[in-house]
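This report describes the architecture of a single protein chain and the packing of its secondary structure elements. The sequence and the structure are shown first.

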Amino acid sequence: MTSMASVEEIRNSKRAKGPATILAIGTATPENCIHQSDFADYYFRVTKSEHMTELRKKFNRICEKSMIKKR
């Protein structure tokens, strides 16, 4: 008959044994960011889809309603 591991054994097996230190806490800040208001124009220019004006308008509306400031 096999014995099942207790919850305490499982918890202890997944923890570090010894001192642990957090070396740094930070956020990623990319060098290039695009403001959401300019994103639709940028996207359609990069994908060479500038002729799709109706789709661009729809994409602009989606970007405005997303409440995201920068990409």
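## A buried residue and its helix pair

Gln36 lies in helix H2. In this predicted model, the relative accessible area of Gln36 is 5%; Gln36 therefore counts as buried, the cut-off being under 20%. Leaving aside residues up to four places away in sequence, Gln36 touches Cys63, Ser66, Ile68, Lys69, Lys70 and Arg71.

The fold around this residue is helical: the protein chain has 3 helices and 0 strands, in the order α-α-α along the sequence. Of its 71 residues, 8% count as buried. The chain exposes about 7000 Å², and carbon and sulfur atoms supply 57% of that area.

The geometry of H2 and H3 can be described next. Helix H2 spans residues 36-46 and helix H3 residues 53-65. Their axes come within 9 Å and cross at roughly 150°, so H2 and H3 are roughly antiparallel to each other. The crossing of H2 past H3 is right-handed.

| Helix | Residues in the contact |
|---|---|
| H2 | Gln36, Ser37, Phe39, Ala40, Asp41, Tyr43, Phe44 |
| H3 | Leu55, Arg56, Phe59, Asn60, Cys63 |

By class, the contact of H2 with H3 comprises 7 nonpolar, 3 polar and 2 charged residues. Gln36 is among the H2 residues that meet H3, and Cys63 of H3 is one of the residues that Gln36 touches.

Definitions and conventions: Residues are numbered from 1 along each chain as its sequence is written. This is a predicted model: local features need pLDDT of at least 70, side-chain atom pairs count only at pLDDT 80 or more; totals for chains, interfaces and linings use all residues. Side-chain values use heavy atoms; hydrogens and water are left out. Helices (H or I, at least four residues) and strands (E, at least two) are DSSP runs, numbered from the N terminus. Buried means under 20% relative accessible area, exposed over 50%, partly exposed in between (1.4 Å probe, protein chains only). Accessible areas come from the Shrake-Rupley method with a 1.4 Å probe; for residues, only the protein chains shown count as cover. Axes are lines fitted to C-alpha atoms, for helices over the stretch in contact, and angles run from 0 to 180 degrees between N-to-C directions. Angles under 35 degrees count as roughly parallel, over 145 as roughly antiparallel, 65 to 115 as roughly perpendicular and the rest as oblique. A crossing is left-handed if the near helix is turned anticlockwise from the far one by less than a right angle, and right-handed if clockwise. Contact means heavy atoms within 4.5 Å. Ala, Val, Leu, Ile, Met, Phe, Trp, Tyr, Cys and Pro count as nonpolar, Asp, Glu, Lys and Arg as charged, and the others, Gly among them, as polar.
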